[in-house]
Amino acid sequence: MARGRWPLVAVLALGLLLPLVLDQYKLYVLSLTLVYVILAIGLNLTLGYAGQISLCHAAFMAFGSYAVAILGQHGVPFEAGLALGVVLAFGWGLVLGFPALQVKHHYLAMVTLGFNIIVFLVLRNWESLTGGSFGISSVARPAWGPFSFKSDRAFYYYILAWAAIVVASAYWILHSRWGRAFRAIRENEMRAEVVGVSLRNYKLMAFAIGAAYAGTGGALFAPLLGYIDPGAFTLDRSIQFLMMVVLGGLGRFEGPLIGALVVTVLPEVLRGSEGLYLIIYALSVILMMLFMPKGLVGLWDLVWRFSKSATSPSTSSASPR
Amino acid sequence: MGDFVQLTIAGVSIGAIYAMTAIGFVLLWQTSNTINFAQGEFVVLPAFAMVLFFVILRFPFVAAVLATVIVSTLLLGIGVKELLVTRLLKMGVLPLVIATIGLSLLIRYSLQQFWTPLALPFPAIFSREPIRLGTVIVSLEEIGNILFAAVVIGALQLFITRTKLGRAMQAVAQNRALASVLGINVGRLVTITFMLNAALTALAAILIAPVYLVKYDIGVSLGLKAFYAAIIGGFNQIRGALLGGLLVGVVETLSAAYISSHFRDAFALVILIAVLLLKPEGIWGVKEEWA
Amino acid sequence: MRSARPKLSLLAALLVLAAVSPASPQGVTKLPIVAEITGGGASVGAMWRDAVNLAVEDINKKGGVLGMKLETSVQDTQTDPPTSVAVMRRVLNDKPFAVFGTVYSSSTVANMDIAKQAGVPQFTGSESIIITQKGNDNIFLTSFTQDTGMAKMVRWLLDDLKAEKIALVWVNNAFGKGGHDMFVHFLKERGKAPVVDISTEVQQADFTPELTKVRASGATHVMVYNHEEENARFMIQLRKMALTVSPVGETTLCAQTTLTPGGAAVDGSRCHVGLTAGAPVPLMVDMNRRFQEKYNRVPDHNAFKGYIGVHMLKAAVQRVGSWDQAKVKACLHNNLFTTNEEAGLLMDLYVNEKGSLDRPSFIVEVKDGKSVVVKTVGMLGGPYNVRPCK
């Protein structure tokens, strides 16, 4: 038990201690990565575990961002904005779940894609509510009475707390019967139905929960950046999350963590190549699909297996995925 | 009334372009279950090739077209199929989808970085002189686009239904396992389909370059509209792509003029979603088997 | 006596060293460029970057500023606001004196608070009114915002061209919306409104809906306010439909990046522009020539903005007399800077209390694929005073 847990503990320790030594730039990148991890976990649930293609994750994110930003303008506490954003995202996730019941694969991709575009258009054109193309700036960070999370470091810890909640809840869901049902649906829908899995409810839930996580991520994204406009929630952004989840490893728990880290940090590392890194990034995605379709988690597995065989010759028990 | 006719002609003309892009997309899905997210970029690359051959190297028009089609067929047809598709097809739909998304980004940003981020001018293929028909003004460009697309699509339809190769493609599209048993070399057929798609997108590029101007990002919205067109019209019929393309073009144009320009991109989408929910195989489509 | 000799020889050695060695090592001021090098804004960011580099080169050749040489570096924002924030933070870690960029307004609004927190003056190529509406005293524009630009535009349109019925076609994003709102606002001040108000999308290919509406409205003039490629397509289609309406624009319609793809279709358009390579201003002609020599292409308005921005900094530092960020920022508010004191400014300019500019501008007409200046328009306000900054 403990052996399987220690990487997680190490990561948590790192997460708690790093910000004490990082400068504001690296702290920002780390904060952004955590936000993206939350979003990627949501998409991984919908797509990786339940096998439902969702190309509208950015739209669910937008509900969280705009709820927090708009309510913040009226002095409403951050957590209330987050709650509203999550509820909205969850609700629309359910709605999107219905077409998912009827259509598959590329058709579903198109419906979700269409939804993303429509949400973008509404955000842009409903100026009185969202500020339209001008966006909303100075998005307020959470505050508990006199204590404010305004400083970069304080807000980082706030994000970390939410990330921990999301990771823990995702872990719990995936190890419950929900998780088993999702995996059954992903493997073979017909068989799942025969075995008694109520396809309908679980498909709806896959969308709704994934969307709720996206809403959470969106709510944290807005104050981190400080400014949001509809342009942050386009199809490109949804595709960015898709890349993250796939690169990390679909249907694997660590997948979104690795994917978010790589996608956020890689451009920073490749910064010297001035303009080439988008090309390098695209090339990496193609090469990864060709040679490592399970994602970077595959590499992690190799390392893990290697270290295990090096330390203990006994047979390793299958770790819960 | 004159305006309505004007708008419809414009819609049909741009719809013809969407249709030409959508058809190859449909062919690829049919024969190889490939959802090519890079279809828009498959048009942009030959457009740049046309600039190279026709504008920069000053080949005569027909030679430039030929050169473009050949380059496109080699790179985007054989190249993509052998390097990407053969391996990824075995792994299911999703890895291929991701890879084509990566491919579209690769083509787009390579053109931006290594050629130019600016739009390049392209000479008109058909005359732009205005022809007055009452209050309606058209030019040969609109008519030319429509006719050219019609000819290409008609030829394709004949090819699919009348030639042995075409019928083999149909067989593979309907039931790959069975086709293989019947002696059709499925792998080779898929390669031919990719080559055909590349040739089609190259021809589409010739129509698009004067209208869209040649820029690295014109593939984004074009690819999207092609998807809409393919799905609305019928994902498994060529004439479905034609209908879908025309419908998208006309709906876009008319609704922007008569309803709202702010939601221009939404109208075709609404039809798309309606089709997906009510008749997912498309208006002229045929229900797909559980392949 | 013996103890004196080493001291004497040491003194002699020092004297020799002082005579022979070059002047004391000069300090270096860091001026990073944060710009759109990839993504949708690649052409814009590249122009800005190249011009800033040219300006720094020019200045260093003449000995730098107050004995300090200037040093730049380039950071790419990918035309993505969250990335531009990360880049800005990274750049601020090095404690630069000032930052040059970004150009896209949606990125600038996201990253300008960070520069402000660090107290590092930021020179931007953005033009949107949302930038100055926020009361940020750390940001300095290198052009006018859309309120000044549109004020001048409307004045010219109504007074010079005596335009009667004006149609407005604009791109539906932050840039286009800002221009639209200002244009409509200033028309309203004169008791007028556009006869047609229709929005377009970025990357839009077909403009028949817009053109039929313009034609149906009987407009005499059409204000074309899209991005450059869309303007080119719009004009090509306008000529195809043989519309007789007169095209007018603000900056983008007559920009080189519209003229090149648009070709002959754009001829006859008239625009109000802040900066143009064809300006009959000797200093601008000279900068144009040197830019072309170095980079082999014609500078556009983004290039001019970058070049001028660097010289705004130089002028302010010189006037303050020291490299003091707070004083330089204070100097760059409510102040007039002329080309007499700093030729690199290319034209006299006034920086207002919000950090945006008032400056002479031009009316151009497109003839044979080139923008030809037909009139120079003076500053909107004034007369302004030169305020000392010591």
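What is the count of salt bridges between chain B and chain C?

Modeller: The count between chain B and chain C is five salt bridges, a salt bridge being a side-chain nitrogen of Lys or Arg within 4 Å of a carboxyl oxygen of Asp or Glu. Before going further, please note that this is a predicted model, in which local features need pLDDT of at least 70 and side-chain atom pairs count only at pLDDT 80 or more, while totals for chains, interfaces and linings use all residues. Residues are numbered from 1 along each chain as its sequence is written, chains are lettered from A and ligands numbered from 1 in the order in which they are written, and side-chain values use heavy atoms, with hydrogens and water left out.

As for confidence, the model scores ipTM 0.89 and pTM 0.88, and chain C averages a pLDDT (the predictor's confidence in each residue, from 0 to 100) of 89, with 93% of its residues scoring at least 70. Where pLDDT is low, the predicted coordinates should not be read in detail.

Turning to the interface itself, 37 residues of chain B are in contact with 33 residues of chain C. The area buried between the two chains, that is, the accessible area (1.4 Å probe) that two parts lose on being put together, summed over both, is about 2,800 Å², and carbon and sulfur atoms give 54% of it. In chain B, the residues that lose the most area to chain C are L213(B), H262(B) and R264(B), together 17% of what that side buries. R264(B) also forms a salt bridge with E210(C), in which the closest N and O atoms are 2.4 Å apart.

On the side of chain B that touches chain C, the elements giving two or more residues include helix 1 (2–32), helix 8 (186–212) and helix 11 (264–278) of chain B, helices here being DSSP runs of H or I with at least four residues, numbered from the N terminus. The largest share of that side, five residues, comes from helix 1 of chain B.

Definitions and conventions
Contact = heavy atoms within 4.5 Å.
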